Amino acid sequence: MSTDIWGWVHDTHGQLVEAGQHRLATALVEIAGHAVDGRNEQLDAMYPEALASARALGLPWVEVFLRHWRLQNLLNKRHQGEQAMTEAVSLLEFAHREETAGCPQAVCAVQDFTICHANIDGPGYVPERLAVLEEALERVEPARACFDCLSREYADTLEDDGRAEAALAHLDRAQLRIQAAGESVSLSFGQARAAALYKLGRYQESLAALAAAEQAYTAARHTLDEDDRRKLGVIRARALAALGRFDEALAQLPPVEEAEGFADIRHRWTEAVERLVSADRFPNDARLGVRLAHWVSYLDAAGSHRPCLDLALMAGRLAARRGARSVALALVATGERKLSLLRRTESAAAALAELRAAAEALPVPELPVAPLELPRLLGERADGAGEVDPEADLDLLAAGWAGLGGGASAWGSPQPEAGGGSSAATDLLLALAGLLASLGHEQASAELLWARLERDPGHQDLIGMLSSVLIEARDGEGLRRLADRVAGASPGDAHWIRARWAVAESRWADAVESCRTLLALEPDRINPRRLAAAAATELGEHGTAQRLYQELLAHALPVEGTAPEELYRTVQPADLWHLITAATANRDWAAVRETGARLGIEFDEADGPVDEEWQVVTIRARRSNGAATDLPALRTGPATARILPVLGEDVQLNHHDVVVFAPALLEPAPAQDAEEAERARWRPTFELLTLLDPAGYTSYFLDGAWPGPQAWAELRTALHEAGYGIWAYSGEQYLITDPADEAAELPGIYAALGVPPTAGAAQADALLTELTAGWAHPVCWLDLAKAAGADLAHHEGVIERYGL
């Protein structure tokens, strides 16, 4: 097989464009970049439509390509294991059908399959991984990019088998074969070689290999992107920390926020940090512990058992080092649960046993008060001015619970008889489980809550906390079990659990239905109406949302005389803003004005549509590829704004469109003590909710030499007076060729023209021709000229002469 994958992509993209399949063509050329750079949001927005289009058009090769790159993202960037296995197996089968056998991307399904097994249990699946990779490598020429990828995966498999020396030798042989075929190895290949050297303890050579790979990559006129820099930084930081060069390691280590955002660097980041902590060069505190616990939980939910265990061991050692006994034991319990799912356990079992011994050797704190008094004491501490150590508080609560016979030191086997069924004992358990969950250990918290539920089955706070913890842990099976358990005694609570889980999974219609059933049983409930209205808004059912918010107002309690713990049942300002938004989307202007009056909003007119001039705001919309884009707009009412720029077709809005936005500010206003310039630059930013009134403008683009500020101002004024929109996108950095001296450059202008629905392309072409006739340099508008049926020679000539 010798088909070049990127040559095929280029050809197929052109064919799709010619066939008018522009969105699928865009997805074909963008999806790989989104996948490997971790732009998950854009990929998730693009993929479903692209896949559906490929299937509808009968393009199996395109389907293989799209599915492979999505899997690369799920496996490498999101570290999914069992969560992705069904798709990995399905793609492997699909890629080996008759209609896909010749697809140049088909062999990559083998790599996806082996990576998925590596994420589940790399060492445990070594024989199977090696077998399928050897077969695939025999079918791929060294000149193909797939040979590079499969060779790296083969080396990773050898490393998982404890054969780093063999992995390095394999990479060196593969590199010779790739170079003999006239190609160069990838930057990722160099990173794989550095990883093998690191595994062998040859840290300085690992750094040298990384430097050589980067130098070769940039010498070939490639540019490092943010993903490259992030990975190179964390790999260097790990090796430098191993060499004891801690200042350099800290300089290379990506910020923790980047590790939070990109799961693919978390293991190496944590390895580097563990070494830095051992040298007292990095803060080993509860904040680090919470972050690592969340990463462990993420891998747990993703079914990446071996990586989850490895990270739990590192996090556990760090917890034991800072004396966090209960946290370390919770991580041991997670590790032991993962261990039971692995095929190869010897080294991991020994490491877990060592960690358990270290955690259990830590001192158990003496209780300052009786166990049942601990929640009150810790609550008073939290309300005070002193600094609170949540891990120390957890150790106290665990000791208190163990003192009641709860056995909290062995998180996996809590004693349900602790404290009998007393409310005070349940309060202690709730404090313990709640703090444990807040520190990132939802599974351990859930185990305690489940056990306590056996002794105190009707405790509403117990049921509420357990449902919240299970939602945070993404434990769908546990939530179904809990809902079924409480359904007999409290069907409303069961529906509430199902509704909250549906919202967590973005199953908006299910959430609305569960809330509807609940409210039929308990019509005075308030929060179900809030939740159902929010879900209806997500579905675009603004009439339903408005009705629910109006029902909420009718059933709400008055503020006066309502106990503090019941205040959530009173009308909140957010309820009124959401009602205004829903009513605006429904064009119920009377409801908008009536609700606005309750918030103290004064309107210019007493009735009719609200269309005023308030302030310039920012509307955050989405491009067709899922990327966010911020658009300046003129706020025309409490929840409406008129879009100001002229936009291209990648945003489903345009000049003068009136939109409805969600009421919550996406970015806070600058603090009062912020610099005046910062406060002056700030504009309120809101999320786009829906298009209310499309203005009907059509966009065309102008390109050419900058005519000067006066001429440009005159053009803008004339166009605006004629009802057109104009928006400049270029800045001072945009320069074009001067045809009088090709070595010189002229300042350029690139702008979008919005043609109103009352004018056609021919009118717009004539108007622009008239308005720019006296300019020193001509401007082109090729697409507009085509739409107008005008002579294209002039515009094509401008493009050629000015290098546009």
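Predicted model: local features only at pLDDT ≥ 70, side-chain atom pairs only at ≥ 80, totals over all residues.
Residues are numbered from 1 along each chain as its sequence is written, and side-chain values use heavy atoms, with hydrogens and water left out.

A pair of aromatic rings is described by the distance of the centres and the angle of the planes. Here rings of Phe, Tyr and Trp (its six-membered ring) pair if their centres lie within 6.5 Å; planes under 30 degrees apart count as stacked, over 60 as edge-to-face and the rest as tilted. Helices are DSSP runs (H or I, at least four residues), numbered from the N terminus. Trp6 is partly exposed, with a relative accessible area of 41%, whereas Trp69 is buried at 11%. For these terms, buried means under 20% relative accessible area, exposed over 50% and partly exposed in between (1.4 Å probe, protein chains only).

Trp8 and Trp61 form a tilted pair, because their ring centres are 6.2 Å apart and their planes stand at 50 degrees. This pair also links distant parts of the chain, with Trp8 in helix 1 and Trp61 in helix 4, 53 residues apart. Trp8 is buried, at 11% relative accessibility, and Trp61 is partly exposed, at 27%. Ring pairs connect Trp6, Trp8, Trp61, Phe65 and Trp69 into a cluster.

A charge sits over a ring if NZ of Lys or CZ of Arg is within 6 Å of the ring centre and within 35 degrees of the ring normal. The charged end of Arg230 is placed over the ring of Phe262, 3.5 Å from its centre, and Arg238 lies over the face of Tyr198, at 3.9 Å from the ring centre.

Attention now turns to helix 27. The buried residues of helix 27 are Ala511, Val512, Ser514, Cys515, Leu518 and Leu519. Seen down the helix axis, these buried residues fall within an arc of 165 degrees (taken from the directions from the axis to the C-beta atoms), so they line one face of helix 27. Their cover includes helix 26 (491-504), helix 28 (527-538) and helix 29 (542-555).

A nonpolar core is a set of buried Ala, Val, Leu, Ile, Met, Phe, Trp, Tyr and Cys residues joined through side-chain atoms within 4.5 Å. The largest such core has 116 residues, of which Trp269, Leu429, Leu432, Leu449, Leu466 and Leu482 touch the most other members. Helix 17 (residues 305-321) gives the most to this core, with ten residues. Apart from it lies another core, of 22 residues, including Ala711, Tyr724, Ala751 and Leu768.

Helix 26 contains Asp493, which is buried at 12% relative accessibility. Leaving aside neighbours within four places in sequence, Asp493 is in contact (heavy atoms within 4.5 Å) with Gln460, Val486 and Arg525.

Conventions:
Helix = DSSP H or I, 4+ residues; strand = E, 2+ residues; numbered from the N terminus.
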